[in-house]
Amino acid sequence: MKKEHLDRLGPEIQTFVKDIERKSGMAIQVETDDSRVGRNAGEPDPLACVVNESEARLLVPSTTELLDGPVLHELLHIHRFLVEGVPQISVCEDHWSPDLERVFAQLDNNLEHLVIVPIEIQRIPERRILWVEKLRRILSQVEDGQLPTADQKFLAIYSRFFVAHVLKDSALLEWSKSILDTLGLSSEADVFRQKMLSA
């Protein structure tokens with residue numbers, strides 16, 4: 001990472017960047033991506049990362065704002081892929097379509113969050129507030145039927161597991177269980193929970 005970007009981060013995040021770059025043998029590039037500005041109404045502009053065998057890029061809405069929390073989140077993704085060697089879920093070329101690629105990318109991201117968000121909250125405890133708010137917004141969308149049916153079902157089932165095992169928030173857990181009951185998905189959520197715990 002260039003010094004001008006590194007210098008905007010706290011000492012612990014700077015050390016983490018250098019550790020990833022040393023272990024992976026790859027420099028992390030910071031790239032401004034204006035399409036990330038105002039992407040999700042009512043939420044902070046999201047960062048993202050692009051990681052493969054030949055590059056690691058951190059996509060930011062503005063290079064003037066490199067905050068430790070959002071950067072740590074993306075660095076944890078990068079560390080998983082480049083240092084730990086965790087494979088990413090992707091679509092086979094023979095069956096590729098933009099819709100499938102989007103679905104697989106979202107699935108991979110959601111599964112990764114089950115691993116990295118607890119680390120993120122442990123390192124920067126105030127990040128828990130952001131995740132609680134994010135899950136409140138998701139549960140509201142699921143409850144209000146604002147999503148396509150497949151997304152609604154997946155997020156209802158996934159959110160219960162995330163709330164119970166990552167956030168450990170009793171109020172959100174009761175809300176998510178109530179939504180599952182209303183949608184008739186409680187048994188599917190139990191199966192998902194058991195399979196995720198065993199995995």
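Me: Which residues does H77 touch, not counting residues up to four places away in sequence?

Reply: Contact means heavy atoms within 4.5 Å. By that rule H77 touches C49, N109, E112, H113 and I116. A word on the source: this is a predicted model, where local features need pLDDT of at least 70, side-chain atom pairs count only at pLDDT 80 or more, and totals for chains, interfaces and linings use all residues. Residues are numbered from 1 along each chain as its sequence is written, and side-chain values use heavy atoms, with hydrogens and water left out.

Me: Where is H77 found, and is H77 buried or exposed?

Reply: Helices (H or I, at least four residues) and strands (E, at least two) are DSSP runs, numbered from the N terminus. H77 is found in helix α3, residues 68-82. For burial, under 20% relative accessible area is buried, over 50% is exposed, and in between is partly exposed (1.4 Å probe, protein chains only). H77 has a relative accessible area of 4%, so it is buried.

Me: With which side chain does the side chain of H77 make a polar contact?

Reply: A polar contact is a pair of N or O atoms within 3.5 Å. Within protein, one must be able to donate a hydrogen and the other to accept it; residues adjacent in sequence count only if both atoms are side-chain atoms. Here the partner is the side chain of H113, at 3.4 Å.

Me: Where does α4 bend?

Reply: The bend at a residue is the angle between axes fitted to the seven residues ending there and the seven starting there. α4 bends by about 45° at L114. A proline, P118, follows within four residues.

Me: Which residues of α4 are buried, and what covers them?

Reply: The buried ones are D108, N110, E112, H113, L114, I116, V117, E120 and I121. Their cover includes α3, α5 (127-143), α6 and α8. V103 also has its place in α4, but at 39% relative accessibility V103 counts as partly exposed.

Me: Which residues form one aromatic cluster?

Reply: W131, F154, Y158 and F162 do.

Me: Which charged end sits over the ring of F16?

Reply: A charge sits over a ring if NZ of Lys or CZ of Arg is within 6 Å of the ring centre and within 35 degrees of the ring normal. The charged end of R123 sits over the F16 ring, 4.6 Å from its centre.

Me: What is the phi of K168?

Reply: K168 has a positive phi of about 50°, although K168 is not a glycine. K168 is found in the loop between α6 and α7 (170-183). With a relative accessible area of 63%, K168 is exposed.

Me: Which residues are in contact with E143, leaving aside neighbours within four places in sequence?

Reply: W175 and I179 are. E143 lies in helix α5 and, at 44% relative accessibility, counts as partly exposed. The C-alpha atoms of E143 and L183 are separated by 8.9 Å, at 40 residues apart along the chain.

Me: Is P46 buried or exposed?

Reply: P46 counts as buried, at 19% relative accessibility. P46 is found in the loop between β1 (28-32) and β2 (48-52). P46 touches R36, R39, N40 and P61, not counting residues up to four places away in sequence.

Key
Phe/Tyr/Trp six-rings, centres within 6.5 Å; stacked < 30°, edge-to-face > 60°.
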